Amino acid sequence: MTKNYIVKELINEMKERIPQGQNLANYLTDTLYMGKEAVYRRLRGEVAFTFDEIAVISHNLGISIDQIIGNHLSNRVTFDLNLLHSPNLFESYHEIIERYLRIFSSMKGDSNAEVYSATNTIPFTLYSSYEYLSKFRLCRWIYQNGKVKTPNSLSEMHVPEKIITAHKKLSEGLRKPKKTFFIWDSNVFQSFVKEIKYFAGLNLISTSDMMYLKNELQQLLIDLEHLSVKGEYGEGHELFIYLSNIDFEATYTYVSNRDFQISLFRVYSINSMDSQSPQICEIQKNWIQSLKRHSTLISGSGEAQRIAFLEKQRSFIEML
(Lines give C-alpha, C1' and ligand atoms only; values in the text may rest on other atoms or scores of the structure.)
Protein backbone atom coordinates (compact mmCIF):
# COMPACT_ATOMS: atom_id res chain seq x y z
CA MET A 1 0.00 0.00 0.00
CA THR A 2 2.73 2.45 1.02
CA LYS A 3 4.78 1.70 -2.09
CA ASN A 4 1.80 2.24 -4.41
CA TYR A 5 0.90 5.44 -2.60
CA ILE A 6 4.40 6.90 -3.05
CA VAL A 7 4.47 6.00 -6.77
CA LYS A 8 1.03 7.58 -7.23
CA GLU A 9 2.15 10.75 -5.42
CA LEU A 10 5.31 10.93 -7.55
CA ILE A 11 3.29 10.60 -10.76
CA ASN A 12 0.82 13.28 -9.62
CA GLU A 13 3.69 15.66 -8.84
CA MET A 14 5.31 15.02 -12.23
CA LYS A 15 2.03 15.67 -14.06
CA GLU A 16 1.64 18.98 -12.24
CA ARG A 17 5.17 20.19 -12.99
CA ILE A 18 5.98 19.09 -16.52
CA PRO A 19 5.82 21.84 -19.16
CA GLN A 20 2.25 22.69 -20.12
CA GLY A 21 0.88 20.64 -23.00
CA GLN A 22 3.56 17.96 -22.74
CA ASN A 23 2.79 14.26 -22.30
CA LEU A 24 4.32 12.68 -19.16
CA ALA A 25 5.47 9.50 -20.90
CA ASN A 26 7.17 11.50 -23.65
CA TYR A 27 8.79 13.78 -21.10
CA LEU A 28 10.22 10.83 -19.12
CA THR A 29 11.39 9.11 -22.31
CA ASP A 30 13.46 12.18 -23.22
CA THR A 31 14.58 12.97 -19.65
CA LEU A 32 15.59 9.46 -18.57
CA TYR A 33 16.87 8.37 -22.02
CA MET A 34 14.85 5.16 -22.02
CA GLY A 35 12.30 3.45 -24.26
CA LYS A 36 8.57 4.12 -24.12
CA GLU A 37 7.69 0.65 -22.88
CA ALA A 38 10.18 0.92 -19.99
CA VAL A 39 8.60 4.26 -19.05
CA TYR A 40 5.05 2.83 -19.17
CA ARG A 41 6.06 -0.11 -16.94
CA ARG A 42 7.22 2.41 -14.33
CA LEU A 43 4.07 4.50 -14.65
CA ARG A 44 1.92 1.38 -14.23
CA GLY A 45 3.90 0.40 -11.13
CA GLU A 46 5.18 -2.85 -12.64
CA VAL A 47 8.80 -1.69 -12.33
CA ALA A 48 10.10 0.63 -9.62
CA PHE A 49 11.83 3.91 -10.43
CA THR A 50 15.51 3.63 -9.49
CA PHE A 51 17.11 6.05 -7.06
CA ASP A 52 19.08 7.66 -9.89
CA GLU A 53 15.91 8.11 -11.97
CA ILE A 54 14.06 9.73 -9.08
CA ALA A 55 17.05 12.01 -8.44
CA VAL A 56 17.00 13.20 -12.08
CA ILE A 57 13.23 13.76 -12.00
CA SER A 58 13.43 15.58 -8.67
CA HIS A 59 16.22 17.86 -9.91
CA ASN A 60 14.61 18.68 -13.27
CA LEU A 61 11.09 19.30 -11.97
CA GLY A 62 11.85 20.63 -8.49
CA ILE A 63 9.89 17.86 -6.76
CA SER A 64 10.42 17.39 -3.03
CA ILE A 65 10.87 13.67 -2.37
CA ASP A 66 10.66 14.40 1.36
CA GLN A 67 7.15 15.72 0.80
CA ILE A 68 6.06 12.69 -1.22
CA ILE A 69 7.40 10.25 1.37
CA GLY A 70 6.41 12.32 4.38
CA ASN A 71 2.80 12.99 3.43
CA HIS A 72 1.65 9.44 4.16
CA LEU A 73 3.27 9.34 7.63
CA SER A 74 1.03 10.22 10.56
CA ASN A 75 1.75 13.46 12.46
CA ARG A 76 4.20 14.58 9.80
CA VAL A 77 3.55 17.18 7.13
CA THR A 78 6.08 18.78 4.80
CA PHE A 79 5.82 22.13 3.03
CA ASP A 80 7.37 23.15 -0.26
CA LEU A 81 9.05 26.57 -0.06
CA ASN A 82 9.47 26.76 -3.85
CA LEU A 83 12.99 28.07 -3.54
CA LEU A 84 14.41 29.81 -6.60
CA HIS A 85 16.55 27.74 -8.93
CA SER A 86 17.91 30.32 -11.37
CA PRO A 87 20.54 32.98 -10.52
CA ASN A 88 18.73 35.29 -12.96
CA LEU A 89 15.93 37.12 -11.11
CA PHE A 90 13.68 37.41 -14.15
CA GLU A 91 14.03 33.67 -14.77
CA SER A 92 13.30 32.93 -11.12
CA TYR A 93 10.26 35.18 -11.18
CA HIS A 94 9.02 33.47 -14.33
CA GLU A 95 9.42 30.06 -12.66
CA ILE A 96 7.20 31.20 -9.80
CA ILE A 97 4.48 32.55 -12.12
CA GLU A 98 4.60 29.40 -14.26
CA ARG A 99 3.96 27.26 -11.19
CA TYR A 100 0.85 29.28 -10.36
CA LEU A 101 -0.25 28.89 -13.99
CA ARG A 102 0.06 25.11 -13.76
CA ILE A 103 -2.21 25.13 -10.71
CA PHE A 104 -4.84 27.22 -12.49
CA SER A 105 -4.60 25.23 -15.73
CA SER A 106 -5.72 22.14 -13.79
CA MET A 107 -9.00 23.98 -13.08
CA LYS A 108 -10.06 24.34 -16.73
CA GLY A 109 -13.25 22.47 -17.56
CA ASP A 110 -13.55 20.98 -14.06
CA SER A 111 -16.99 21.65 -12.57
CA ASN A 112 -15.62 20.84 -9.09
CA ALA A 113 -12.81 23.43 -9.21
CA GLU A 114 -12.86 25.95 -6.34
CA VAL A 115 -10.52 28.62 -5.02
CA TYR A 116 -10.69 30.11 -1.52
CA SER A 117 -8.43 33.03 -0.63
CA ALA A 118 -8.28 35.28 2.43
CA THR A 119 -5.97 38.25 1.97
CA ASN A 120 -5.20 41.65 3.47
CA THR A 121 -3.78 43.04 0.22
CA ILE A 122 -5.01 43.07 -3.39
CA PRO A 123 -4.58 39.58 -4.93
CA PHE A 124 -2.02 39.76 -7.74
CA THR A 125 -4.20 37.58 -9.96
CA LEU A 126 -6.65 40.49 -10.14
CA TYR A 127 -4.13 43.02 -11.48
CA SER A 128 -1.48 40.87 -13.19
CA SER A 129 -2.63 42.07 -16.64
CA TYR A 130 -2.18 45.76 -15.72
CA GLU A 131 1.14 47.01 -17.09
CA TYR A 132 2.30 49.38 -14.34
CA LEU A 133 0.76 47.57 -11.37
CA SER A 134 2.46 44.32 -12.38
CA LYS A 135 5.71 46.17 -13.11
CA PHE A 136 5.58 47.73 -9.65
CA ARG A 137 5.14 44.33 -8.03
CA LEU A 138 8.07 42.94 -10.00
CA CYS A 139 10.24 45.99 -9.27
CA ARG A 140 9.48 45.77 -5.55
CA TRP A 141 10.47 42.10 -5.48
CA ILE A 142 13.70 42.72 -7.43
CA TYR A 143 14.54 45.60 -5.06
CA GLN A 144 14.07 43.31 -2.05
CA ASN A 145 16.65 41.04 -3.67
CA GLY A 146 19.03 44.00 -3.88
CA LYS A 147 19.09 44.38 -7.66
CA VAL A 148 17.38 47.75 -8.24
CA LYS A 149 19.34 51.01 -8.08
CA THR A 150 18.00 54.52 -7.57
CA PRO A 151 16.76 56.58 -9.26
CA ASN A 152 14.55 54.18 -11.14
CA SER A 153 11.53 54.41 -13.45
CA LEU A 154 8.93 51.76 -14.25
CA SER A 155 8.36 53.28 -17.68
CA GLU A 156 11.99 52.50 -18.56
CA MET A 157 11.94 49.03 -17.01
CA HIS A 158 12.18 46.26 -19.61
CA VAL A 159 10.13 43.19 -18.74
CA PRO A 160 10.79 40.07 -20.85
CA GLU A 161 7.91 39.24 -23.19
CA LYS A 162 7.44 35.78 -21.68
CA ILE A 163 6.75 37.36 -18.27
CA ILE A 164 4.19 39.75 -19.79
CA THR A 165 2.52 36.78 -21.47
CA ALA A 166 2.57 34.80 -18.20
CA HIS A 167 0.96 37.76 -16.38
CA LYS A 168 -1.90 37.83 -18.89
CA LYS A 169 -2.37 34.07 -18.66
CA LEU A 170 -2.48 34.35 -14.87
CA SER A 171 -5.28 36.91 -15.12
CA GLU A 172 -7.18 34.58 -17.46
CA GLY A 173 -6.46 31.58 -15.22
CA LEU A 174 -8.23 33.27 -12.32
CA ARG A 175 -11.48 32.95 -14.26
CA LYS A 176 -11.19 29.18 -14.80
CA PRO A 177 -12.42 27.80 -11.44
CA LYS A 178 -16.14 27.14 -11.19
CA LYS A 179 -16.30 29.03 -7.89
CA THR A 180 -13.92 31.62 -6.42
CA PHE A 181 -14.23 32.94 -2.87
CA PHE A 182 -12.31 36.06 -1.83
CA ILE A 183 -12.25 37.29 1.75
CA TRP A 184 -10.68 40.71 2.02
CA ASP A 185 -9.63 43.08 4.72
CA SER A 186 -11.66 46.28 4.35
CA ASN A 187 -8.42 48.23 3.69
CA VAL A 188 -6.97 46.07 0.87
CA PHE A 189 -6.06 49.08 -1.29
CA GLN A 190 -4.50 51.04 1.57
CA SER A 191 -1.47 48.77 1.98
CA PHE A 192 -0.80 48.90 -1.77
CA VAL A 193 -1.02 52.72 -1.81
CA LYS A 194 1.34 52.95 1.18
CA GLU A 195 3.92 50.82 -0.63
CA ILE A 196 3.70 52.98 -3.76
CA LYS A 197 4.24 56.16 -1.72
CA TYR A 198 7.13 54.58 0.15
CA PHE A 199 8.91 53.49 -3.04
CA ALA A 200 8.32 56.92 -4.57
CA GLY A 201 10.07 58.41 -1.53
CA LEU A 202 13.07 56.16 -2.24
CA ASN A 203 13.17 57.35 -5.89
CA LEU A 204 12.46 53.80 -7.02
CA ILE A 205 9.48 54.98 -9.05
CA SER A 206 9.08 58.33 -10.82
CA THR A 207 6.35 60.97 -10.59
CA SER A 208 4.93 59.83 -13.94
CA ASP A 209 4.96 56.23 -12.66
CA MET A 210 2.81 57.38 -9.75
CA MET A 211 0.28 58.84 -12.18
CA TYR A 212 0.10 55.64 -14.23
CA LEU A 213 -0.22 53.52 -11.07
CA LYS A 214 -3.02 55.74 -9.77
CA ASN A 215 -4.89 55.50 -13.07
CA GLU A 216 -4.58 51.72 -13.15
CA LEU A 217 -5.72 51.40 -9.52
CA GLN A 218 -8.79 53.47 -10.37
CA GLN A 219 -9.49 51.24 -13.38
CA LEU A 220 -8.98 48.13 -11.25
CA LEU A 221 -11.55 49.42 -8.78
CA ILE A 222 -14.03 50.03 -11.62
CA ASP A 223 -13.45 46.48 -12.89
CA LEU A 224 -13.93 45.08 -9.37
CA GLU A 225 -17.15 47.03 -9.02
CA HIS A 226 -18.55 45.46 -12.20
CA LEU A 227 -17.48 41.98 -11.08
CA SER A 228 -18.92 42.40 -7.60
CA VAL A 229 -22.26 43.62 -8.93
CA LYS A 230 -22.56 40.60 -11.26
CA GLY A 231 -21.12 38.10 -8.79
CA GLU A 232 -19.46 36.14 -11.60
CA TYR A 233 -16.68 36.24 -14.17
CA GLY A 234 -19.07 35.05 -16.84
CA GLU A 235 -20.06 31.70 -18.37
CA GLY A 236 -21.21 30.41 -14.99
CA HIS A 237 -17.92 30.99 -13.16
CA GLU A 238 -19.17 32.38 -9.86
CA LEU A 239 -17.32 34.99 -7.79
CA PHE A 240 -17.99 35.61 -4.10
CA ILE A 241 -16.32 38.61 -2.45
CA TYR A 242 -16.54 38.96 1.33
CA LEU A 243 -15.34 41.77 3.60
CA SER A 244 -13.89 40.49 6.84
CA ASN A 245 -15.07 41.99 10.13
CA ILE A 246 -11.97 40.70 11.90
CA ASP A 247 -8.26 41.05 11.14
CA PHE A 248 -6.12 38.17 9.88
CA GLU A 249 -2.35 38.15 9.79
CA ALA A 250 -1.47 36.44 6.51
CA THR A 251 -2.71 35.43 3.07
CA TYR A 252 -4.29 31.99 2.99
CA THR A 253 -5.33 30.19 -0.19
CA TYR A 254 -6.91 26.81 -0.81
CA VAL A 255 -7.35 25.39 -4.33
CA SER A 256 -9.12 22.16 -5.23
CA ASN A 257 -10.54 20.27 -8.17
CA ARG A 258 -11.67 16.71 -8.78
CA ASP A 259 -8.19 15.16 -8.48
CA PHE A 260 -6.04 17.75 -6.76
CA GLN A 261 -5.90 20.07 -3.76
CA ILE A 262 -3.27 22.43 -2.40
CA SER A 263 -2.94 24.98 0.39
CA LEU A 264 -0.74 28.05 -0.04
CA PHE A 265 0.62 30.63 2.39
CA ARG A 266 2.14 33.77 0.85
CA VAL A 267 5.79 34.33 1.83
CA TYR A 268 8.71 36.40 0.53
CA SER A 269 6.38 38.90 -1.21
CA ILE A 270 5.44 36.86 -4.30
CA ASN A 271 6.28 33.30 -3.37
CA SER A 272 4.30 30.70 -1.48
CA MET A 273 4.83 27.97 1.03
CA ASP A 274 2.45 25.19 0.11
CA SER A 275 1.35 21.70 0.97
CA GLN A 276 -0.80 19.07 -0.70
CA SER A 277 -1.28 17.21 2.57
CA PRO A 278 -4.99 16.30 2.93
CA GLN A 279 -4.73 17.16 6.63
CA ILE A 280 -3.33 20.67 5.99
CA CYS A 281 -5.75 21.28 3.13
CA GLU A 282 -8.70 20.42 5.35
CA ILE A 283 -7.41 22.73 8.10
CA GLN A 284 -6.81 25.53 5.58
CA LYS A 285 -10.25 25.21 4.02
CA ASN A 286 -11.95 25.15 7.43
CA TRP A 287 -9.97 28.21 8.57
CA ILE A 288 -10.98 30.23 5.54
CA GLN A 289 -14.57 29.07 5.96
CA SER A 290 -14.48 30.30 9.57
CA LEU A 291 -13.28 33.71 8.34
CA LYS A 292 -16.18 33.73 5.88
CA ARG A 293 -18.63 33.38 8.77
CA HIS A 294 -17.22 36.61 10.24
CA SER A 295 -17.49 38.47 6.93
CA THR A 296 -20.07 40.30 4.83
CA LEU A 297 -20.86 39.22 1.26
CA ILE A 298 -20.68 42.22 -1.12
CA SER A 299 -20.84 40.45 -4.50
CA GLY A 300 -24.29 39.95 -5.97
CA SER A 301 -25.79 41.38 -2.76
CA GLY A 302 -24.90 43.67 0.15
CA GLU A 303 -25.22 46.79 -2.04
CA ALA A 304 -24.89 49.32 0.80
CA GLN A 305 -21.76 47.63 2.18
CA ARG A 306 -20.29 47.31 -1.34
CA ILE A 307 -20.78 51.02 -2.08
CA ALA A 308 -19.19 51.99 1.24
CA PHE A 309 -16.24 49.66 0.59
CA LEU A 310 -15.62 51.03 -2.91
CA GLU A 311 -15.78 54.63 -1.70
CA LYS A 312 -13.28 53.84 1.03
CA GLN A 313 -10.87 52.32 -1.49
CA ARG A 314 -11.26 55.36 -3.78
CA SER A 315 -10.25 57.60 -0.90
CA PHE A 316 -7.07 55.54 -0.45
CA ILE A 317 -6.23 55.83 -4.16
CA GLU A 318 -6.76 59.59 -4.06
CA MET A 319 -3.90 59.81 -1.56
CA LEU A 320 -1.46 59.22 -4.43
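The charged end of Arg-137 sits over the ring of Phe-124, 3.6 Å from its centre. Here a charge sits over a ring if NZ of Lys or CZ of Arg is within 6 Å of the ring centre and within 35 degrees of the ring normal. Lys-135 places its charged end over the ring of Tyr-132, 5.6 Å from the centre. This is a predicted model: local features need pLDDT of at least 70, side-chain atom pairs count only at pLDDT 80 or more, and totals for chains, interfaces and linings use all residues. Residues are numbered from 1 along each chain as its sequence is written, and side-chain values use heavy atoms, with hydrogens and water left out.

**Aromatic pairs**
- The whole structure holds 15 aromatic pairs (rings of Phe, Tyr and Trp, its six-membered ring, with centres within 6.5 Å; planes under 30 degrees apart are stacked, over 60 edge-to-face, the rest tilted).
- Phe-124 and Tyr-127 pair edge-to-face, because their ring centres are 5.1 Å apart and their planes stand at 80°.
- Tyr-132 and Tyr-212 are stacked, because their centres are 4.5 Å apart and their planes at 20°.
- Ring pairs join Phe-124, Tyr-127, Phe-136, Tyr-143, Phe-192, Tyr-198 and Phe-199 into a cluster.

**Helices**
- Helix H7 (residues 124-127) carries both Phe-124 and Tyr-127, three residues apart, about one turn (helices are DSSP runs of H or I, at least four residues, numbered from the N terminus).
- Tyr-132 is in helix H8 (residues 131-144) and Tyr-212 in helix H11 (residues 207-230), so their pair ties together parts 80 residues apart in sequence.

**Burial**
- Phe-124 and Tyr-127 are both buried (under 20% relative accessible area; exposed is over 50%, partly exposed in between; 1.4 Å probe, protein chains only).
- Tyr-132 is buried at 8% relative accessibility.
- Tyr-212 is partly exposed at 36%.

Key. Helices (H or I, at least four residues) and strands (E, at least two) are DSSP runs, numbered from the N terminus.
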